[in-house]
Amino acid sequence: SNRKQTVRNFTDHVIHEVKTPVTTVQAATELLEDSEDLTDADRKLVTQIRSAGKQMQAQLAALREMVMAREANYHGSAQLVSLFDGLTKDHPDVGFDVDGGTVSLPMSGDGLMLILGHLIRNSASHGATKVSLMAAPNVLIVEDNGPGVSAGNRSRVFDPFFTTRRETGGTGMGLYIIASLLQAHGAVIALGESKVGARFEIRFDPK
């Protein structure tokens with residue numbers, strides 16, 4: 001409990017201290033972009049600074065989300081069938097296959113929606129158009145038809161700040177946040193083997 005509070009206090013302090021200068025940089029770049037005296041090289045540099053500021057803001061938001069995931073209480077149970085309408089509404093460009101929709105999983109619907117939301121957005125951002133959800137007692141498998149994870153990156157996908165999409169706004173915190181949330185509820189997530197796309201296996205009773 002003391003460790004959690006210490007981490008929370010430190011994170012809040014860092015976010016507070018960094019947020020102000022980042023906001024200042026963003027405001028300054030907006031003013032510079034309106035200037036008619038900038039050369040093409042100057043404008044390119046200002047654009048790079050603005051992009052870096054947005055990336056820092058995204059990292060701060062991800063950092064806060066990570067701490068909140070560790071503290072959140074999503075105990076309870078839910079079934080995939082009760083989440084289907086919400087998933088299709090939140091991700092209209094993704095097709096879904098559901099197997100085991102009436103199996104009760106030991107986590108509340110809000111917690112499962114948060115986890116699935118991260119995984120589905122991650123799949124879609126890598127080009128997947130279809131996601132399969134398979135539930136069994138204490139097990140949830142999420143598989144997509146995207147390009148999958150390269151052999152060199154498999155051991156790093158759950159590392160904080162690791163991303164292959166930094167130039168398009170990726171923070172590298174999504175899978176780390178999911179793993180932290182699941183760990184706080186006695187569950188684990190792993191990257192499984194798949195012939196096509198990426199396959200994530202969640203076990204709520206890993207013993």
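This report walks through a predicted model of a protein, from its overall layout to a few individual residues.

## The overall layout

Let's start with the big picture. The protein has five helices and seven strands.

Of the 207 residues in the protein, 36% are buried. The surface exposes about 11,900 Å², with carbon and sulfur atoms supplying 53% of that area. Among contacts with a separation of 6 or more, 66% are between residues 24 or more positions apart.

In soluble globular proteins, nonpolar side chains tend to be buried together. Here, the largest nonpolar core has 30 residues, and those with the most contacts inside it are Leu 116, Leu 119, Leu 140, Leu 182 and Phe 204. Several elements supply at least two residues each, including helix 3 (80–90), strand 4 (130–136), strand 5 (139–144) and helix 5 (174–184). The largest share, five residues, comes from helix 4, which spans residues 109–125.

Beyond its neighbours within four places in sequence, Leu 116 is in contact with Leu 80, Leu 83, Leu 87, Leu 133, Leu 140 and Val 142.

## Helix 5 and what follows

Now turn to helix 5, whose buried residues are Leu 175, Tyr 176, Ile 177, Ile 178, Ser 180, Leu 181 and Leu 182. Leu 181 has a relative accessibility of 1%, so it counts as buried. Although Leu 181 and Gly 111 are 70 residues apart in sequence, their C-alpha atoms are 8.5 Å apart in space.

His 185 sits in the loop between helix 5 and strand 6. His 185 is buried because its relative accessible area, 14%, falls under the 20% limit. A polar atom of the His 185 side chain lies 2.9 Å from the backbone oxygen of Leu 181. Also just after helix 5, Gly 186 takes a positive phi of about 75 degrees.

## A nonpolar patch on the surface

Finally, have a look at the outside. Val 25, Leu 45 and Ile 49 form a nonpolar patch on the surface, and together they have about 230 Å² of accessible area.

Leu 45 belongs to helix 2, which covers residues 40–71.

Methods. Residues numbered from 1 in each chain as written. Predicted model: local features only at pLDDT ≥ 70, side-chain atom pairs only at ≥ 80, totals over all residues. Heavy atoms only, no water. Core = buried A, V, L, I, M, F, W, Y, C linked by side-chain atoms within 4.5 Å. Buried < 20%, exposed > 50% of the residue type's maximum accessible area, 1.4 Å probe, protein only. Helix = DSSP H or I, 4+ residues; strand = E, 2+ residues; numbered from the N terminus. Contact = heavy atoms within 4.5 Å. Polar contact = N/O pair within 3.5 Å; in protein donor to acceptor, adjacent residues only side chain to side chain. Patch = residues over 30% accessible without salt bridge, like charges linked within 9 Å, V, L, I, M, F, W, Y side chains within 5 Å. Areas by Shrake-Rupley, 256 points an atom, 1.4 Å probe, with all protein chains shown as cover. Salt bridge = Lys/Arg side-chain N within 4 Å of Asp/Glu carboxyl O.
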